[in-house]
Amino acid sequence: MARNVTQQRKIINTAAAWAVGLLIFFPILWTILTSFKTEAQAIADPPIFLGFDWTLENYQAVLERSNYSRFLWNSIIIAGGSTILGIIIAVPAAWSMAFVPSKRTKDILLWMLSTKMLPAVGVLYPIYLLFISLGILDSKIGLVIVLMLINLPIIVWMLYTYFKEIPGEILEAARMDGASLKDEVLYVLTPMAIPGIASTMLLNVILAWNEAFWTLNLTAAKAAPLTAFIASYSSPEGLFYAKLSAASTMAIAPILILGWFSQKQLVSGLTFGAVK
Amino acid sequence: MFFKNSLYAATAMSLITAGGAVAETITIATVNNGDMIRMQGYTDDFTAKTGHDVEWVTLEENVLRQRVTTDISTKGGAFDIMTIGMYETPIWGANGWLVPLNDLSAEYDAADILPAMAGGLSHEGTLYAAPFYGESSMIMYRKDLMEKAGLEMPKAPTWEFIGEAAAAMTDRDNDINGICLRGKAGWGEGGAFITAMSNSFGARWFDMDWNAQFDTEAWANTLNFYKNMMDASGPAGYATNGFNENLSLFQQGKCGMWIDATVAASFVTNPDDSTVADKVGFALAPDTGLGKRSNWLWAWALAIPAGTQNESAAKEFIEWATSKDYIELVAAKEGWANVPPGARKSLYENPEYQKVPFAEMTLESILSADPQNSTVEPSPYVGIQFAAIPEFAGIATEVSQEFSAAYAGQQTVEEALAKAQDITNEAMEAAGYR
């Protein structure tokens, strides 16, 4: 039975939701505002919220010093490549776990997730040595592989959850109509799971875009993405907060825009299967 | 046939000969600070002179340290030049990880490098990194507030005077703290400051048998003096303040005195960023009359990892970037106050540079620092604000966390020192020193 919600309750709920949303978004808002201040205004005490002379000098300085487009291109290739590769591997894996489960399926799922519990630095040296041996240090392909492997457990888990919601009878019917395994996965399962696959891809792109440990440690000049671009403006000896904020804003802008336009898809995908 | 073969041979020889002059692309890992960023802006000058291109990898100091350590210890070969400091250079040089720089050209004039810098960047007399800029630490103080307090800053004050002056300059109603010092955990942050300060109180990290010395009276005196002074005259939350936090406070006129890196002098006297630019005076870091001052010594230097494919081009870059000509280039374009300081003797003999307000005090601070002999009682290590052994960074980070907890009032000074003693002895035992 639907709960009877009063108008007053609705207003309170809406206000509370906005307050929480603003609280979460505030650090990003502050970063964006700081990027338009001078270095002196950026450290002013008490802090200046809006009453400052807006300037684009930080963006100008950042663009003069760094090759932003190269960092951006590297981020797009690495985040996009690792996501596509991850989906190609995860769809069949999640299909088998959802529709042809074995006694050990749950254990395998848990084991996959447990790999996320290992601190990344613990395997830095083995991975670094492997990259040297394979000649893929500071290469986009190397990072695509590593980020795909890091995010694969999450992709498989999410797809598994979505696939479990799809009635097995539909796939059975396809098989009775003569569909091969490939046809079943490609032409029946995948189209039905497109909302789930899309939101999984979006989440994976965001995770790969923001990944800062491997992208900093396995790159130098050629394959460095936007995380390295931000790191180049951080300094423990010198107040460059306004320039750092400009670099951060430029680094997060593409993913913020992508998230803004796909928020409906993302929210519906992430909450899919939450209520049973 | 003979003619044809001779032609092939001649062509091959000319290609091999030309190979020596082929333009290379070198990759340089560096730290994000004003002088290094300025150097990146002049890369075109280097390329025009040598034909070599440069790819820059600029990182935050701690990220850089982790990144280059991983690469050099695995012989990764990602970089042709690394920006490293006085802590890493002798250790890596001893490991054979760096290319010796004892064959630099006569025009480069390696004898012009300040002896303290050359000594700290060498191992057994061989130079392994060329200093790009060097720094010590000194007192930066507000002349107007000192005068208002009825005091006069000596050129070489004692800690006792600094404590009294800090109390006299503190004005809580007007948000002025008598003194701002690093308290932030981290071996290169608060750990560096308190280690340099402890030298002047007669303390040391290790005795000659590598036993920790935190149970000595000298360490108790150091920490108690620091905490009492900062509680009375320091800013709120000083236990989490590092270089940047104190720079921000000083530039906004909220510190009477600040003892920190000499490189900060150019920031606090820059009227674009500092509200007190015309009111800043300088003095040597304090002592207690035991013969050692509390200033440190550091250099950001350029080194070539052993095994690089572009050693020749890398050496050319180092000769260019740390040369007298580079200093002249920056001076001509941006003024003498912006040249990289602390590396060459000739800079301080230059009458134009002598006009820079903080030049003399910077040089005196650097010259008074001796990494080979930094403690009152003998110690087995090289380094002033660190001990140049591989284990130090890890140990000192843990120890400085205990100290910061004491500054924040989470434990007593005695408890922090007792824990530091145990942490250090256990780590040194595990590493085989004891």
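Entry one, the helix pair. In this predicted model, I looked up helix H9 (residues 190-200) of chain B and helix H10 (residues 217-233) of chain B; their axes come within 9 Å and cross at roughly 120°. Axes are lines fitted to C-alpha atoms, for helices over the stretch in contact, with angles from 0 to 180 degrees between N-to-C directions. Helices are DSSP runs (H or I, at least four residues), numbered from the N terminus. H9(B) is therefore oblique to H10(B) (under 35 degrees is roughly parallel, over 145 roughly antiparallel, 65 to 115 roughly perpendicular, the rest oblique).

I then listed the contacts (C-beta atoms, placed from the backbone, within 7 Å). From H9(B), B:Ile194, B:Met197 and B:Ser198 meet B:Ala218, B:Trp219, B:Thr222 and B:Tyr226 of H10(B).

Entry two, the chain contact. I found 26 residues of chain A in contact with 27 residues of chain B. On the side of chain A that touches chain B, helix H2 (39-42), helix H6 (124-134) and helix H11 (213-217) of chain A give two or more residues. H6(A) gives the most, with five residues.

I read a mean pLDDT (the predictor's confidence in each residue, from 0 to 100) of 92 for chain B, with 95% of its residues at 70 or more. The predictor gives the complex an ipTM of 0.83 and a pTM of 0.85.

Bookkeeping. Residues are numbered from 1 along each chain as its sequence is written, and chains are lettered from A and ligands numbered from 1 in the order written. Local features need pLDDT of at least 70 and side-chain atom pairs count only at pLDDT 80 or more, while totals for chains, interfaces and linings use all residues.

Terms used
Two residues are in contact if their C-beta atoms, placed from the backbone, lie within 7 Å.
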